[in-house]
Amino acid sequence: MPLCRRCNAVVDAKQREFCVNCIATKFFKNETWIGFLISDTSVLLDPPVHRLLIDLFKEGSELSCTDAINWQNIHDNWDKPF
Ligand SMILES: [Zn+2]
């Protein structure tokens, strides 16, 4: 199984270099205002926040496998560079 270049999670063949969590993180940080709003990353573990972010991700990303997002992974790796 291939591993994500950024966080070493198992990568789905369709996702190639990065896992869905890192793809979502990159999207939130680069394509939305979320990255600027989040000063305390603990909000990334908050279910109401997940619903908001999943809606944004579904609208703005070509990936549709949002059920597979691991919020603990996103939280733990938020500040890791790409
Ligand atoms: Zn990853």
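**Asparagine 8 and the segment before α1**

I located asparagine 8 in the segment before α1; helices here are DSSP runs (H or I, at least four residues), numbered from the N terminus. The model is a predicted one, in which local features need pLDDT of at least 70, side-chain atom pairs count only at pLDDT 80 or more, and totals for chains, interfaces and linings use all residues. I number residues from 1 along each chain as its sequence is written.

I noted that asparagine 8 has a positive phi of about 70° although it is not a glycine. Most residues other than glycine have a negative phi. I then looked up burial, for which a residue is buried if 20 or more other C-beta atoms lie within 10 Å of its own, exposed if 12 or fewer, and partly exposed in between, with C-beta atoms placed from the backbone. Asparagine 8 is exposed because 10 other C-beta atoms lie within 10 Å.

**Valine 10**

I found valine 10 in the segment before α1 as well. Valine 10 has 10 other C-beta atoms within 10 Å and is therefore exposed. I listed its contacts (C-beta atoms, placed from the backbone, within 7 Å): valine 10 touches Met1 and Leu3, residues up to four places away in sequence not being counted. From valine 10 to valine 20, 10 residues apart in sequence, I read a C-alpha to C-alpha distance of 9.5 Å.

**Helix α1**

I recorded 12 residues for α1 and a reach of 15 Å from its first C-alpha to its last, close to the 16 Å expected at 1.5 Å a residue; the expected span is 1.5 Å times one less than the number of residues. Val20, Asn21, Cys22, Ile23, Ala24, Thr25 and Phe28 are buried in this helix. Their cover includes α2 (34-37), α3 and α4 (71-77).

I examined asparagine 21, which lies in helix α1. Asparagine 21 counts as buried because it has 23 C-beta neighbours inside 10 Å. Leaving out residues up to four places away in sequence, I found asparagine 21 touching Cys7, Ala9, Ile69, Asn70, Asn73 and Ile74. Arginine 6 is 15 residues from asparagine 21 in sequence and 10.0 Å away in space, C-alpha to C-alpha.

I also checked lysine 29, placed in helix α1. Lysine 29 counts as partly exposed because it has 15 C-beta neighbours inside 10 Å. Its C-alpha is separated by 18 Å from that of cysteine 4, 25 residues apart along the chain.

**α1 against α3**

I looked up the packing of α1 and α3, whose axes come within 11 Å and cross at roughly 85°. Axes are lines fitted to C-alpha atoms, for helices over the stretch in contact, with angles from 0 to 180 degrees between N-to-C directions. Ala24, Phe27, Phe28 and Glu31 of α1 meet Leu53, Phe57 and Gly60 of α3. I sorted the residues of this contact into five nonpolar, one polar and one charged.

**Nonpolar core**

I asked which residues form the largest nonpolar core, a core being a set of buried Ala, Val, Leu, Ile, Met, Phe, Trp, Tyr and Cys residues joined through C-beta atoms within 7 Å. The 12 residues are Cys4, Val11, Cys19, Val20, Cys22, Ile23, Ala24, Phe28, Leu44, Leu53, Phe57 and Ile74. The elements giving two or more residues to this core are α1 (20-31) and α3 (47-60). α1 supplies the largest share, five residues.

Conventions. Two residues are in contact if their C-beta atoms, placed from the backbone, lie within 7 Å. Ala, Val, Leu, Ile, Met, Phe, Trp, Tyr, Cys and Pro count as nonpolar, Asp, Glu, Lys and Arg as charged, and the others, Gly among them, as polar.
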